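Me: I have a structure open here and would like to talk it through with you. Could we start with a loop and then work inwards?

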Amino acid sequence: MTPEAEPTRPRLLPLERLTSISSLIAEGAAFTGHFQAQVDLGIKIDGKLEGNVMFAQGGTIHVGVTGVVENTRLEADYIYIEGRVRGAVIARKALEITGTATLLGDASYDEVMDIHPRARVRGKLEYRGDMEDAKSATAVGKLVLSPSSYPQAN
């Protein structure tokens with residue numbers, strides 16, 4: 001593994017979500033099809049996946065450094081991307097895209113998002129939460145920028 005391909009420690013996602021993964025597509029393995037669950041489970045993808053991964057409620061999706069996900073829709077409460085994803089990403093609670101990640105497609109999130117330096121994203125990022133609630137989010141430690149917080153030109 002090259003230094004830039006080393007796994008990254010999450011800055012936003014709770015570590016217990018990543019350590020309680022219940023399913024794995026291992027490095028060197030390839031899977032074509034759809035993965036769905038109605039309960040709060042987790043999947044880590046270190047190999048190649050062509051298809052959707054969707055959790056009706058809860059759920060954690062971790063695309064590892066060697067993971068490649070193509071032609072997909074990823075939907076879960078928590079999504080952590082270290083590898084390569086081509087498709088739509090929907091995180092109902094938290095989305096974290098690390099510096100080793102490539103996302104080619106649109107991503108949306110309902111609560112919080114973190115994009116590390118060197119992450120490569122080509123697509124639209126959309127906050128799906130209530131914008132009025134976002135104004136009070138700074139009181140609970142979430143970063144929210146508004147035009148009044150931008151530096152003013154002299």
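Me: Where is arginine 118 found?
Reply: In this predicted model, arginine 118 sits in the loop between E12 and strand E13, the latter covering 120–122.

Me: Is arginine 118 buried or exposed?
Reply: Arginine 118 is exposed, because its relative accessible area is 72%, which is over the 50% cut-off for that class.

Me: Which residues make the nonpolar surface patch?
Reply: That patch is made by Ile115, Val121 and Leu125, and it amounts to about 190 Å². Isoleucine 115 lies in strand E12, residues 112–115, and is partly exposed at a relative accessible area of 32%.

Me: OK, zooming out, how many helices and strands does the protein have?
Reply: The protein has 2 helices and 14 strands. Of its 154 residues, 40% are buried, while the protein exposes about 8,700 Å², with carbon and sulfur atoms supplying 51% of that area.

Me: And how many residues are in the largest nonpolar core?
Reply: The largest nonpolar core has 23 residues, and those with the most contacts inside it are Ile45, Ile61, Leu74, Ile79, Ile81, Val89 and Leu95. The elements giving two or more residues to this core are strand E4 (42–45), strand E6 (53–55), E7, E8, strand E9 (84–97) and strand E11 (107–109). There is also a second, separate core of 5 residues, which includes Leu18, Tyr78, Tyr80 and Ala94.

Me: What is isoleucine 61 in contact with?
Reply: Leaving aside neighbours within four places in sequence, isoleucine 61 is in contact with Ile43, Ile45, Val53, Phe55, Leu74, Glu75, Ala76, Tyr78, Ile79 and Tyr80.

Me: What about threonine 60, buried or exposed?
Reply: Threonine 60 counts as buried, because its relative accessibility is 1%, and its place is in strand E7, residues 60–63. Beyond its neighbours within four places in sequence, threonine 60 has contacts that include Arg17, Leu18, Ile21, Phe55 and Tyr78.

Me: Switching to leucine 49, how far is it from valine 69 in space?
Reply: Leucine 49 and valine 69 are 4.8 Å apart, C-alpha to C-alpha, although 20 residues separate them in sequence. Leucine 49 lies in strand E5, residues 48–50, and is buried at 1% relative accessibility. Once neighbours within four places are left aside, leucine 49 is in contact with Ile25, Phe31, Gly33, Val68, Val69 and Glu70.

Me: What does glutamate 70 form with arginine 86?
Reply: Glutamate 70 forms a salt bridge with arginine 86, the closest N and O atoms being 3.3 Å apart. Glutamate 70 is in strand E8 and arginine 86 in strand E9, so the pair ties together parts that are 16 residues apart in sequence. Glutamate 70 counts as buried at 17% relative accessibility, whereas arginine 86 is partly exposed at 35%.

Me: How many salt bridges are there?
Reply: The count comes to 10 salt bridges. One of them joins aspartate 110 to arginine 128, with the closest N and O atoms 2.6 Å apart. Aspartate 110 is in the loop between E11 and E12 and arginine 128 in the loop between E14 and helix H2 (131–135), so this pair ties together parts that are 18 residues apart in sequence.

Me: Last one: how many aromatic pairs does the whole structure have?
Reply: A search of the whole structure finds 2 aromatic pairs. One of them is formed by tyrosine 109 and tyrosine 127 and is tilted, with 5.5 Å centre to centre and 55° between the planes. This pair links distant parts of the chain, tyrosine 109 being in strand E11 and tyrosine 127 in strand E14 (residues 125–127). Tyrosine 109 counts as buried at 15% relative accessibility, while tyrosine 127 is partly exposed, with a relative accessible area of 26%.

Note on methods. Residues are numbered from 1 along each chain as its sequence is written. This is a predicted model: local features need pLDDT of at least 70, side-chain atom pairs count only at pLDDT 80 or more; totals for chains, interfaces and linings use all residues. Side-chain values use heavy atoms; hydrogens and water are left out. Patches are made of residues with over 30% relative accessible area and no salt bridge: like charges are joined within 9 Å, nonpolar side chains (Val, Leu, Ile, Met, Phe, Trp, Tyr) within 5 Å. Accessible areas come from the Shrake-Rupley method with a 1.4 Å probe; for residues, only the protein chains shown count as cover. A salt bridge is a side-chain nitrogen of Lys or Arg within 4 Å of a carboxyl oxygen of Asp or Glu. Helices (H or I, at least four residues) and strands (E, at least two) are DSSP runs, numbered from the N terminus. Buried means under 20% relative accessible area, exposed over 50%, partly exposed in between (1.4 Å probe, protein chains only). Contact means heavy atoms within 4.5 Å. A nonpolar core is a set of buried Ala, Val, Leu, Ile, Met, Phe, Trp, Tyr and Cys residues joined through side-chain atoms within 4.5 Å. Rings of Phe, Tyr and Trp (its six-membered ring) pair if their centres lie within 6.5 Å; planes under 30 degrees apart count as stacked, over 60 as edge-to-face and the rest as tilted.
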